[in-house]
Amino acid sequence: MKKIYTLFAMLLVAVCVLSCEKEISFNGEESASRLTVSALAQAGEPLSAYVSSSVFFLKSRGFESFIKALDVSQGSVRLTINGAAAPIRMRLASDQPDGSLLYNCDYVPQPGDHLVLEAEFPGFDPVRAETDVPYPPHFEVSSLAFREEDGGETLDLTLRFRDDGSYEKYYFLIPRMEIRYGEEEPFQMTYRYASDDVVFKNMGVGAFDLYGMLFGDNDVVSYYFSDELIRGKEHTMKIEIPGIRHLEEGQRFFVEMRTVTESLYWFDVSYAQLESDFALFSEGVTLYSNVQNGYGVFCATAGTCVEVHF
Amino acid sequence: MKGRFFLRVAAGIAAILVLSAGNAAAQKVTVSGYMTDAASGESLISAALVERLSGQGTVTNNYGYYTLTLPAGNVSFEYSYVGYEPVNMSFRLTRDTVIHVALQPSAEMLAGASVTASRSETGVRGTQMSTIEVPVRQILRVPALAGEVDVIKAIQLLPGVQSGTEGSAGLYVRGGGPDENLLLLDGVPIYNVNHMMGFFSVFNADAIKNVTLYKGSFPARFGSRLSSILDIRMKDGNDQEFHGSASVGLLSAKFNLEGPIVREKTTFNISARRTYYDILAQPLIAWAYKDAGERGMGGYYFYDVNAKLTHRFSNQDKLYVSYYMGDDQVYTRVRMHDNDTKDHMKLGWYWGNIVGSVRWNHVFGSRLFVNTTVNYTQYRHKLDLDVQHYEKESDPTSSYAMGYNSLINDISAAADFEFNPSPRHDVRFGGTFIRHTFKPSVNTIHYEDRTGGMKMVQDTTFGDKNLFTSEAAVYAEDNWTLAGWLKVNAGLRASLYAVEGRTYTSLEPRLGMRLLFSGHLSMKASYSEMSQSVHLLSNSNISMPTDLWVPSTDRIEPMRARQVAAGLFYEMGPVDLSVEGYWKGMDKLLEYRDGASFLGSSTGWEEKVAVGRGWAYGVEFLAQKKTGRLTGWIGYTWSRTMRQFDQEGNVINFGRPFPAKYDRRHDLSIVASYEFSKKFDVSATFVYGTGLCGSLALQTICVPQGYNFTAGSFTQPYPVDYLESRNNYRLPSYQRLDLGMNFHRFFRSGRHRTINVSVYNVYNRNNPFLVYRDGQSLKQLSIFPIMPSVSYTFFF
């Protein structure tokens, strides 16, 4: 019997040694580097844009790789508002983040604006992306109630809003608490919530998810919903916020709802999928991009914030 | 609408039957009977009968039954089958006659005599194209991974069939996915054909009598899949005396026993096998746990059992009862403890099939054969995790249990008729009804915590509800000889699928045509349409037990395909040559959306898939030699397979076309075995294939990590891998040489033993199993190096 185990162990070792992982040379075509432009136009806030270049994976060497090939003196980033003949030339910011060039401008997006962002740098195909700035949603908190659940308190909020039906929209809903200690700047704490509302189920990313439950992941994707089922209608939805107590001094509670462009929704969804710990079992994910001839995303949002007193 | 549909179906079927009966008014007589192996009584499938004077002929069906209608008069019959002595007889045929023929295994055949008469419907003379019969004797000689002879692995070596990743038992036929193949074991579908994540198939070669692969151009009697039918028939069992075999190999032990219960009336055949790696590894596993201060055991094994009972009531009535059961099991039990606490963890992961069928053959007169079948098939998958935490000597203070189950159950009934009204017509018609029960995925979670005197219990069950669907089909086909040089197989299949209050219907025309240019050369062409209402959701290149079988629903329509094929067939002495070209279009195909996974949310499977289309085209070449000392084949395929998901709400890869992951431009297989003597034979297999496709992020980009909802802005940019399109990278090519040798020894008692020595991947080629990015480098994982194996089989 001992001999059998010895033989078995030898075979196991042989298989482990011979079956191997090895570095191989890349036998495909090197894909061209492209400009990457990312900007979020938020109604009421000045617009900024991040610009970098993509890097073929065999040549990637830290943050520096993404801006090394960009000739800042010859490059330009332009913004065209509502088809104006003369675009605004965005300027390089003084405080630069790692891995990207930050461009600013004085323009403050307004709901209904149509924006075109273009970037041109020597050695790269010029890129172009466009977006519309959405209108903020109108909603109200129509009721609230506390109840005991699993040894803690849960806040049930009922929201009522009307979709204007003007075009396809995505919404983003998040409750948050603003906490201020003394004279310090207040900080924001967001709350996870659950909802059986059909608008969430329609997104295929229900507010309840196994991953979040098992591993406590705060999956932002769950907070989006579309107007597909409620377009042009008034809708009342209920959300349940567990683990919340009555407000104490220095605390304010808000419910924020944003209208977001489809591009922002898909960018966030694909980013969350890309970073998922279940990637081993998943199909490969392509990060969403709406930038012609390049990568990145140009998207917009407009929000409404309602303070809730309790 | 439904009424008009059935009227059209009825009109089509009636037209075929009327045309068939057109010549039946003339004075015709019919000869019919069974063809069997004289030594074992085993029925012979696709054995040939040729009437030499008229050139008319037929082949036996899956039960060894034949029927041939001829003008009355002098006849000269030759009964033949590969590997058997032909039987000739001449006489005056004046009335319907029943002739049962028992063929003797032939020594001359082994010596290389040419057999032309036995070339069946798949050869030069038949109308059927895109169909390959592989002798089981050849399959048994193909060198195998770990010495485990595998039917599916042999089928993968045929042109038009791709094999997926290294070692996988999946079949990818003419651009179709692994779920688009109907794998029939004695006429019953098997849903999961894989053991050990697909490295081995569930078919135990010891129990198998006949294997036929239809790659397209299906006769109307087959349906419910888009790409192929693999028809595997089990041995009935020897009706003369008891025989058996017992075998031990590197991986498994198995046995086979067959014999008469009542001589020449009732027979049985039973085979079983089990892997024993887990038993051998147990001391090592226990030692590893002990070294870590724990107690534990675990392992993996699979087993399967095939059984068949055959009873002959009379020459007109036969009953068959077939049964298959197989499971894969992964199990772990671990006990960890320190001074104050202890934890117990138990994991069980099981998946497998249960298949059963009862068939009754009856012969009405001499021209009508009927087979009636009742089938049951089940595939189930279960994952159970149970963790218990104890503090000091007490009841568990906390426990966590998780379960994940999926299941598919089918109950079906079918009646198939074969009618031979005239020398020019060979008609088949019938119908089938299937009741499916799907439980695609159900998650259960139980959590209990009694820490600190508090009790918190959480019980959750979520997932897809049971889905009941029904499928019915009727068909009729006629193998019609219009002239000596022109033969047509025309058929129509009408199917109906009902789910959740919605009914889908489909009419599937099947047409095959053969133009015989000479006794050795023919051209064939075919057109066929198929539909499929079950889907396998898989997001891995290997077969995972978590792959979900799901039905079409009111939202997900059945898949459809149409295929056109044409080819030339030539008999060059004992070698059959063929070259075929095909084009296949597929609609309503399913794929997981980007990033979707079987785990991760309570969302139902319908939310995770996108519906799209695909197309495939290619050319296949096959040279096959089934007789003589040297047997085998050379197969080559050039093909292209694409997918596109561009419909609103079903977009993958931004709507752009992308190659299927098993798209392979070149695929070459050479299989040869040579019998030096009765005591010694050798075999070799060489395969070469263009690398499969995979998704590889070739660019790295620096983008914000998402929308920061607290700050109301984008987050700081950070590098992420950017995948430009799905399946954008071609893995390195695949090639392998396997060698095998069989040493036979025969004893006077009639028993014999065989020692098989085989070497898998002789020149230790590192074939790609997985290629992935590791920072700035590319890495390849290979799993099967050179693998010698030996097995010992004793036949009694």
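How many residues lie between β30(B) and β31(B) in the hairpin that they form? The reply comes in point 2, after a word on the model.

1. Please keep in mind that this is a predicted model: local features need pLDDT of at least 70, side-chain atom pairs count only at pLDDT 80 or more, and totals for chains, interfaces and linings use all residues. Residues are numbered from 1 along each chain as its sequence is written, while chains are lettered from A and ligands numbered from 1 in the order in which they are written.

2. Let us start with the hairpin. Four residues separate β30(B) from β31(B) there. Helices (H or I, at least four residues) and strands (E, at least two) are DSSP runs, numbered from the N terminus. Two strands pair if DSSP finds at least two bridges between them. Strand β30 (residues 502-516) and strand β31 (residues 521-532) of chain B run antiparallel, with seven bridges joining them. Across this pairing, Leu511(B) stands opposite Tyr527(B).

3. β31(B) has another partner to look at. It runs antiparallel to strand β34 (residues 559-572) of chain B, and 12 bridges join the two. Here Met523(B) faces Leu568(B) in β34(B).

4. Chain A has 18 strands and five helices. One open sheet in chain A has four strands in the order β6-β5-β9-β10, with antiparallel pairing. Its edge strands are β6 (88-89) and β10 (127-132), each of which pairs on one side only. Strand β9 (residues 114-120) of chain A is joined to β10(A) by six bridges, and Ala119(A) has Val127(A) as its bridge partner.

5. Now for what is packed inside. A residue is buried if 20 or more other C-beta atoms lie within 10 Å of its own, exposed if 12 or fewer, and partly exposed in between, with C-beta atoms placed from the backbone. Of the 310 residues in chain A, 36% are buried. A nonpolar core is a set of buried Ala, Val, Leu, Ile, Met, Phe, Trp, Tyr and Cys residues joined through C-beta atoms within 7 Å. The largest one has 145 residues, and those that touch the most other members include Val37(A), Val51(A), Ile139(B) and Ile208(B). Helix α5 (residues 262-274) of chain A gives the most to this core, seven residues. Apart from it lies another core of 24 residues, including Leu49(B) and Tyr84(B).

6. Val51(A) deserves a look of its own. Two residues are in contact if their C-beta atoms, placed from the backbone, lie within 7 Å. Beyond its neighbours within four places in sequence, Val51(A) is in contact with residues including Leu35(A), Val77(A), Tyr103(A) and Ala119(A).

7. Is Met642(B) buried or partly exposed? Met642(B) counts as partly exposed because 17 other C-beta atoms lie within 10 Å. This residue sits in strand β37 (residues 630-644) of chain B. Setting aside neighbours within four places in sequence, its contacts include Trp615(B), Pro657(B) and Ala660(B).
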